[in-house]
Amino acid sequence: MVDVATSIVIRRPLHEVAGSTMDPLNAPACYRNISTARRLDEGSFGIGARAAFEARFRGRALSYTYVLKEYMPGRLLVMATAQGPFPMRTSYRFKAVDGARTRLHLRNDGQPSGFSKLLAPLMAPDDAPGEHRRSADAQACPGGRTTLSQVRGRRCSTPAFPH
């Protein structure tokens, strides 16, 4: 079993953080290992919607599809892989700390099988927590900047929320 989670407070209002983070098309700006993301369905984004991602892990190209399982605008987004090398569920939970700060809780969990079961020990202790921390840091600012000193004392490098 792989289960990795992180939680950070972002100095931006809930509607800004959740609004940009809940759009899977922002994933390449948020995760350094994801190169492309695209919607596979027409229409509004809701339960059952699919998104395809291209990523790199340990030097290998990966392609996978997520399906939206739970969606509560501004509060919760849960996606699970429908196709890909590693069965995984990704959950984002948002909570306003106050009018200017938001807590983002990010979790990835899954039950690997077959060849991916051999990769699980490699992911959990080293790569996943660090990647989650970097990902969660970046989640604060798809398309913009914000200061995350309470997390890592550095700034997100993408251009979105002015500080």
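View 1. The strands, which are DSSP runs (E, at least two residues) numbered from the N terminus, form an open sheet in the order 1-7-6-5-4-3-2 with antiparallel pairing, where two strands pair if DSSP finds at least two bridges between them. Strand 1 (2–10) and strand 2 (34–39) stand at the edges with a single partner strand each, so one side of each has no neighbour in the sheet. On average, neighbouring strands of this sheet are turned by 20° against each other, direction ignored, with axes taken as lines fitted to C-alpha atoms. This is a predicted model, in which local features need pLDDT of at least 70 and side-chain atom pairs count only at pLDDT 80 or more, while totals for chains, interfaces and linings use all residues. Residues are numbered from 1 along each chain as its sequence is written, and side-chain values use heavy atoms, leaving out hydrogens and water.

**View 2. Strand 4 beside strand 5.** Strand 4 (residues 60–72) and strand 5 (residues 76–83) run antiparallel and are joined by 7 bridges; the bridge partner of Tyr-71 in strand 5 is Leu-77.

View 3. Asp-109, which lies in strand 7 (residues 101–110), is buried, with a relative accessible area of 7%, where buried means under 20% relative accessible area (1.4 Å probe, protein chains only). Apart from its neighbours within four places in sequence, Asp-109 is in contact with Met-1, Val-2, Asp-3, Met-88 and Arg-89, contact meaning heavy atoms within 4.5 Å.

Key. Helices (H or I, at least four residues) and strands (E, at least two) are DSSP runs, numbered from the N terminus. Buried means under 20% relative accessible area, exposed over 50%, partly exposed in between (1.4 Å probe, protein chains only). Axes are lines fitted to C-alpha atoms, for helices over the stretch in contact, and angles run from 0 to 180 degrees between N-to-C directions.
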